[in-house]
Amino acid sequence: MTEPRSAVHIDLSGRTALVSGSTQGIGLAIAERLADCGAHVVVNGRDPGRTDAAARDLRSRVPAAEVTPVAADLATAAGATELAQRFPALDVVVNNLGIFGARPALEIDDAEWLRYFEVNVLSAVRLIRTYLPGMMARRWGRVISIASDSAVVVPEEMIHYGMTKTALLSVTRGFAKAARGSGVTVNSVIAGPTHTAGVESFVAELVGDELPWDEAQREFMRTHRPLSLIERLIEPAEIANLVAYLASDAASATTGGALRVDGGYVDSILP
């Protein structure tokens, strides 16, 4: 399908935005959308080659973009410190870094529980703790954490992942309260099943790799994500559009929320 383009004009000129884990997939799409809105975008990954390649890709897609690659493992305290040394202040922090994978619930050992928590939750907490005070002092800032429908509809095959995304919703609400009255907003985005290279591999793992992609996608949605109202995977650009809005001045009254771009997957009228 053709990637959607927002008709709403969002101007992020003069803002510096970090997107953690942005060398591919949803993170790269968010980085592109923010760059297209005029932000100076910091792209991040662990591998310098991939991070540099993502920055080059963004510059080719958005010729006027100001993009800085930062290779640092933001799942570690050392990586967060390295980032803070290069960028002591940020206007927008998008916590996109995350890992996922299928594992029978009774086979998840302590080490894997801890690894998922550190990568998916503690990485976000560290970055918020690092940058929120400066945002509050400047009376403007945006913190956006990418959660998942798995936070609410916990999938049987990856409860350790679902747990981390539920935790992000709590983290978001708590830090939004800490930032009350400061002009800084803190929100999470509940992303539904999304079409990325990693998800293509995940789909193949669950339904096999014999089917053509379109058939495999339909089978995956029918069998494993039957509550979707759009009955297809979401494109990363569709998530990026919501993130760009939340990063803008237009979203100044939206904070402490969990906003859904899930294709109607979560069977609830709330949030």
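Axes are lines fitted to C-alpha atoms, for helices over the stretch in contact, and angles run from 0 to 180 degrees between N-to-C directions. The views below are of a predicted model.

**View 1. Packing of helices α1 and α2 in the predicted model.** The axes of α1 and α2 lie 10 Å apart, and the two helices pack at an angle of about 40 degrees. Angles under 35 degrees would count as roughly parallel and those of 65 to 115 as roughly perpendicular; α1 and α2 are therefore oblique to each other. The crossing in which α1 passes α2 is right-handed. On the α1 side the meeting residues are L28, A31 and E32, and on the α2 side they are A54, D57, L58 and R61. By class, the residues of this contact comprise four nonpolar, no polar and three charged.

**View 2. Crossing of helices α1 and α8.** Helix α1 spans residues 25–36 and helix α8 residues 236–246; their axes come within 8 Å and cross at roughly 50 degrees. This angle makes α1 oblique to α8. The crossing of the pair is right-handed. From α1, the contact involves G25, I26, A29, I30, R33 and L34, while α8 contributes P236, A237, I239, A240, N241, V243 and A244. Of the residues in the contact of α1 with α8, 10 are nonpolar, two are polar and one is charged.

**View 3. Crossing of helices α6 and α7.** The axes of α6 (residues 197–207) and α7 (residues 213–224) come within 10 Å, with a crossing angle of roughly 70 degrees. That angle makes α6 roughly perpendicular to α7. Here α6 passes α7 in a left-handed crossing. The residues E200, F202, V203, L206 and V207 of α6 meet W213, A216, E219, F220 and H224 of α7. The contact of α6 with α7 divides into seven nonpolar residues, one polar and two charged.

**View 4. The open parallel sheet.** Seven strands make up an open sheet with parallel pairing, ordered β3-β2-β1-β4-β5-β6-β7. At the edges stand β3 (66–71) and β7 (258–261); each has a single partner strand, so one side of each is left without a neighbour in the sheet. Direction ignored, neighbouring strands of this sheet are turned by 20 degrees against each other on average.

**View 5. Strand pairing of β5 with β6 and of β1 with β2.** Eight bridges join β5 (residues 141–148) and β6 (residues 184–191), which pair in the parallel sense. Within this pairing, V189 in β6 is the bridge partner of I146. Strands β1 and β2 also pair in the parallel sense, over four bridges. There, H40 in β2 is the bridge partner of T16. Along β1, T16 and L18 point one way and A17 and V19 the other way, and all are buried.

**View 6. Helix α4 lying across the sheet strands.** Helix α4, residues 110–138, lies across β1 (16–19), β4 (92–95), β5 and β6. The helix runs at about 170 degrees to β4.

How values were computed. Residues are numbered from 1 along each chain as its sequence is written. This is a predicted model: local features need pLDDT of at least 70, side-chain atom pairs count only at pLDDT 80 or more; totals for chains, interfaces and linings use all residues. Side-chain values use heavy atoms; hydrogens and water are left out. Two strands pair if DSSP finds at least two bridges between them. Contact means heavy atoms within 4.5 Å. Angles under 35 degrees count as roughly parallel, over 145 as roughly antiparallel, 65 to 115 as roughly perpendicular and the rest as oblique. A crossing is left-handed if the near helix is turned anticlockwise from the far one by less than a right angle, and right-handed if clockwise. Ala, Val, Leu, Ile, Met, Phe, Trp, Tyr, Cys and Pro count as nonpolar, Asp, Glu, Lys and Arg as charged, and the others, Gly among them, as polar. Buried means under 20% relative accessible area, exposed over 50%, partly exposed in between (1.4 Å probe, protein chains only).
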